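Colleague: Hi! Could you walk me through this one when you have a minute?
Modeller: Happy to, let's open it up.

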Amino acid sequence: EPWHWLHARLPQASKPLPVWAQQVFGQLKDQQNPSEKSLTQALLIYFTSIAPVVVHLEDTHEASDQQLGLWTKIAEMLTKTKGIGLIVTSRLPLPAVFQSFELNPLDLNATQELLQALNPSVLPLEAVQWIHDNSLGNPLFSLEFFEHALRQGFLWQHGQQWVWRTPEKN
């Protein structure tokens, strides 16, 4: 299983890693595949070196059995490690080492509370409704649609007040 994509997604370690771990990451950089055992150990050393940290793996239902196996081993090791959190999203059941929580969609009021927590001034209800409708109540999508509305100029601040311009439907 190729793991070289992993190297590009890891931020620089704040302190030097052991030589053997540097060699494992060097293999990744050179698009070689280290053994699963050495990669698992190198990742654990790496995460420990940048702790406190939260690692977020998204859409693990798309992972191969080998990829899920590696992250399961890492999760097992992290249960004994302080300062490192592992958050995993999946549409399918995960191995027992992962504690599962099912998130239900946010209703309009909860979406408004989420967005309000980010902004001291009150957002127009029409903007909140548009964000809620387009995100289908998904909290992460709600934040993305909020950012999208800002980037596209549908939502902006005028002094202390938010202004909303409804996007055209397409």
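**Helix packing, a salt bridge and a serine pair**

Modeller: Let's start with two helices: H5 (residues 108-118) packs against H6 (residues 125-135) at an angle of about 110°, and their axes are 10 Å apart. Keep in mind that this is a predicted model.

Colleague: Is H5 roughly parallel or roughly perpendicular to H6?

Modeller: Roughly perpendicular, because angles of 65 to 115 degrees fall in that class.

Colleague: And which residues in H5 and H6 meet?

Modeller: From H5 you have Leu 108, Thr 111, Gln 112 and Leu 115. On the H6 side, they meet Leu 125, Val 128, Gln 129, Ile 131 and His 132.

Colleague: How many of the residues in that contact are nonpolar, polar or charged?

Modeller: Between H5 and H6 there are five nonpolar residues and four polar ones, with no charged residues.

Colleague: OK, switching topic. How many salt bridges does the count come to?

Modeller: The count comes to one salt bridge. The partners are Lys 73 and Glu 36, whose side chains meet at 2.6 Å, N to O.

Colleague: Where do Lys 73 and Glu 36 lie?

Modeller: Lys 73 is in helix H4 (residues 65-78), while Glu 36 is in helix H3 (residues 36-50). The pair therefore ties together parts that are 37 residues apart in sequence.

Colleague: What is the relative accessible area of Lys 73? And how does Glu 36 count?

Modeller: Lys 73 has a relative accessible area of 40%, so this lysine is partly exposed. Glu 36 also counts as partly exposed, at 22% relative accessibility.

Colleague: What is Ser 135 in contact with, leaving aside its neighbours within four places in sequence?

Modeller: With those set aside, Ser 135 is in contact with Phe 141, Ser 142 and Phe 145. The side chains of Ser 135 and Ser 142 are also joined by a polar contact of 3.0 Å.

Colleague: Nice. Last one: where is the place of Gln 152?

Modeller: Gln 152 is in the loop between helix H7 (139-151) and strand S3 (155-158). Its relative accessible area is 43%, so Gln 152 is partly exposed.

Colleague: And how far apart are Gln 152 and Pro 167?

Modeller: In sequence, Gln 152 and Pro 167 are 15 residues apart. In space, they are 9.0 Å apart, going from C-alpha to C-alpha.

Colleague: Great, thanks!

Technical notes. Residues numbered from 1 in each chain as written. Predicted model: local features only at pLDDT ≥ 70, side-chain atom pairs only at ≥ 80, totals over all residues. Heavy atoms only, no water. Axes fitted to C-alpha atoms, helices over the stretch in contact; angles between N-to-C directions. Helix = DSSP H or I, 4+ residues; strand = E, 2+ residues; numbered from the N terminus. Parallel < 35°, antiparallel > 145°, perpendicular 65-115°, else oblique. Contact = heavy atoms within 4.5 Å. Nonpolar A, V, L, I, M, F, W, Y, C, P; charged D, E, K, R; others polar. Salt bridge = Lys/Arg side-chain N within 4 Å of Asp/Glu carboxyl O. Buried < 20%, exposed > 50% of the residue type's maximum accessible area, 1.4 Å probe, protein only. Polar contact = N/O pair within 3.5 Å; in protein donor to acceptor, adjacent residues only side chain to side chain.
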